[in-house]
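Have the structure open as you read.

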Amino acid sequence: MNPRLDLLQPYPFEKLKALFAQIRPNAALPPISFGIGEPKHPTPAFIRDTLASSLAGLASYPSTAGSEALRQCIAAWIERRYGLPRVDPATEVLPVTGSREALFAFAQTVVDGTRGDALVLCPNPFYQIYEGAALLAGATPVFANSDPARNFAPAFDRIAADVWPRVQLLYVCSPGNPTGAVLSLDDWRQLFALSDLHGFVIAADECYSEIYFDEARPPLGALEAAHKLGRGFERLVVFSSLSKRSNVPGLRSGFVAGDAALLSRFLLYRTYHGGAMNPSVQTASIAAWNDEVHVRENRAAYVRKFDQVTPMLAEVLDVALPDAGFYLWADVSRTGLSDVEFAARLYAEQHLTVLPGSYLAREADGINPGANRVRMALVATPEECAEGARRIVEFCRGMARAA
Ligand SMILES: Cc1ncc(COP(=O)(O)O)c(C=O)c1O
């Protein structure tokens, strides 16, 4: 067996399951989950209908590069969304079957594990696929702690000087999971300068890019930042997805875009790996990328939920509206409980699931930057989100009275 499989960490939800295994939740209350970050709004009817009416596509093998129509549609979407003059559909875009597999497969393509000292730098807290991808590519993951004083941007200035020359790949997540933070143009300037100096590749995970709160201020994208800073896409690849944007996590549809030289090697890898997108899914994806009405409606539904829930929770926890995404990243220190205790007791007393922040991070520089925080995904119905918030308020007030 591949010995590196033993290096993989249990997934955060496995840890949560183990934590809850001995707990009997309050049976008087129906369960509510703010735990899993899975979009729950209904899939728009036109996407379902397009998928259903394009099943003829099942009769042929798809090409790994996807259809020209899909790549053109994605390139045009990137140009519109990020104000870019031209994205070449032939060389700068590839469809992928969800950003998760692509984030994983990309490390297998980019990392030279034969050098023996390869490092992959990840944000901390982070989406666990980055770590597993690094480990199975033969690299060691290292972590840049998010800095709450700088809107949770990873503190790259605290990475030791002897680490940088060994970094082959850097994962960035903006808007971030779980913090919701969006990197600024200055953050990107710093990252590009480091990449120019040390030669590492940047994988920019942007799967939450279309969930934000102010229609006039969409999150800055990495390709957009590169363009604004007068650069090309060298050593930069972004990962995007329909899962959250269009409420189709089961469709498995996304794209990667950026550095043509990297994408050409990634296409070679994918040809062997077998990452081609189902032709019917390609047709449904074209319909989804070409429509923004449903995306605006989806955002509006999140805005209503965050408008209702955030002020309620801010009365009892240190929590604020994130830049983007569908998570609240709350500091629970005020309750006197750790994040794990908070999640366990909230589940027991209020039958409500939240994810302990320390499960989403690793200890680095002597701290776990997720400690004392919990992640709450506002993916349930507005009624459930409001009821969940009411239960958290009641729980925290009870804690305060008991103190
Ligand atoms: C940060 C982040 N990246 C990537 C993904 C993968 O999304 P998908 O594979 O559905 O595109 C997720 C899903 O939860 C995520 O939270």
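## Helix α9

Helix α9 spans residues 260–273, 14 residues in total, and its first and last C-alpha atoms lie 19 Å apart, close to the 20 Å expected at 1.5 Å a residue (the expected span is 1.5 Å times one less than the number of residues). Helices (H or I, at least four residues) and strands (E, at least two) are DSSP runs, numbered from the N terminus. After α9 comes Gly274, with a positive phi near 85°.

A note on the source: this is a predicted model, where local features need pLDDT of at least 70, side-chain atom pairs count only at pLDDT 80 or more, and totals for chains, interfaces and linings use all residues. Residues are numbered from 1 along each chain as its sequence is written.

Leu262, Leu263, Phe266 and Arg270 are the buried residues of α9 (buried means 20 or more other C-beta atoms within 10 Å of the residue's own, exposed 12 or fewer, partly exposed in between, with C-beta atoms placed from the backbone). They share one side of α9 because they cover an arc of only 90° around the axis, taken from the directions from the helix axis to the C-beta atoms. The face turned away from that buried side carries exposed Ala261, Ser264, Leu268 and Tyr272.

## A three-stranded sheet

Elsewhere, an open sheet has the strand order β10-β13-β12, with antiparallel pairing (strands pair if DSSP finds at least two bridges between them). Its edge strands, β10 (327–331) and β12 (355–356), each pair on one side only. β12 meets β13 (residues 373–377) in the antiparallel sense over two bridges, and Pro356 has Val374 of β13 as its bridge partner.
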